[in-house]
Amino acid sequence: MSAEKAENKAGAGHRPVLANSRQWYARGLRHGIPICLGYFAVSFALGIAARGAGMNALQAFVMSLGMTASAGEFAAIGLIASGAGALEMIFTTLIVNLRYFLMSCSLAQKLPEGIRPVHRFLTAYCVTDEIFGLSAAVPGGLNPFYSYGMMTVAAAGWCLGTVLGVLAGSILPEIVVSALSVAMYGMFLAIVIPPSRKSRFILGLVAISMAASGLFSVLPVLRQISSGFRVILLTIAIAGIAAVIRPLPEVPEGSDSAGTEHR
């Protein structure tokens, strides 16, 4: 039985929540293709690094399947190469990836009321910066199948790139491997620029975020803060101030915006 049919069978109260799930999933697949291509390029370099740390293709695949996060995986690979213990690796990757806790909490608030808890857990599985940005940009409530569609192709590209990177080893020149990571910056720009062009307020927030992040990188005390904590602090501060200055209007009760595809 499909997830959509099972949800509809649960009762009439759930039907508006996951209406048009197939359309949302297909839309997520389409929007996830550029993310998949970018992740493939970055994870290819990740696989080469994993090969250098002594990992085989299966080990690298399981790591990428369980943690779709470039910073966290690169940190873990560095610790593996240095012979660090399991507790040190777990603690370090948790710190580096802490910002994803905030993203997951934010998306959980965007999911419609009455949705089953399993969808909240599954939505948090592959919350990357790009998937979070597109999911958060959906007007109204979020149909989780939209995120599932993006996760399907994004995780596939990430894992496939990691495996091929391990298999390729150090065949490619280092300059080529470094060039592959440029695709990630293109994805960030594709997410940030469109809403910034529509709203001067968002454009101002983006500019403030960039300036604040730059200060955290150069100021003597602030630059000692890890990248994960840095993102968390800036997100809470800037998002909190923006929410006070310009709060979003509440979605009317009974709205089916999460189940209607926006064209």
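Visitor: What share of the residues in the chain is buried?
Guide: This model is predicted. A residue counts as buried under 20% relative accessible area. The chain has 263 residues. Buried residues make up 39%.

Visitor: How many helices and how many strands does the chain have?
Guide: Follow the elements from the N terminus on. They run α-α-α-α-α-α-α-α-α-α-α-α-α. The count is 13 helices and zero strands.

Visitor: What share of the contacts with a separation of 6 or more comes from residues 24 or more positions apart?
Guide: Contact here means heavy atoms within 4.5 Å. Take the contacts in the chain with a separation of 6 or more. Residues 24 or more positions apart account for 78%.

Visitor: Are H4 and H5 roughly parallel or roughly antiparallel to each other?
Guide: H4 spans residues 70–81, and H5 spans residues 86–96. Their axes come within 9 Å and cross at roughly 155 degrees. Angles over 145 count as roughly antiparallel. H4 and H5 are therefore roughly antiparallel.

Visitor: Which residues of H5 make the contact with H4?
Guide: H4 brings Ala71, Gly72, Ala75, Ala76, Leu79 and Ile80 to the contact. By class, the contact has seven nonpolar, three polar and one charged residues. On the H5 side stand Glu88, Met89, Thr92, Thr93 and Val96.

Visitor: What part of the accessible surface of the chain belongs to carbon and sulfur atoms?
Guide: Start with the total. The accessible surface of the chain comes to about 14700 Å². The part belonging to carbon and sulfur atoms is 69%.

How values were computed: Residues numbered from 1 in each chain as written. Predicted model: local features only at pLDDT ≥ 70, side-chain atom pairs only at ≥ 80, totals over all residues. Heavy atoms only, no water. Axes fitted to C-alpha atoms, helices over the stretch in contact; angles between N-to-C directions. Helix = DSSP H or I, 4+ residues; strand = E, 2+ residues; numbered from the N terminus. Parallel < 35°, antiparallel > 145°, perpendicular 65-115°, else oblique. Nonpolar A, V, L, I, M, F, W, Y, C, P; charged D, E, K, R; others polar. Buried < 20%, exposed > 50% of the residue type's maximum accessible area, 1.4 Å probe, protein only. Areas by Shrake-Rupley, 256 points an atom, 1.4 Å probe, with all protein chains shown as cover.
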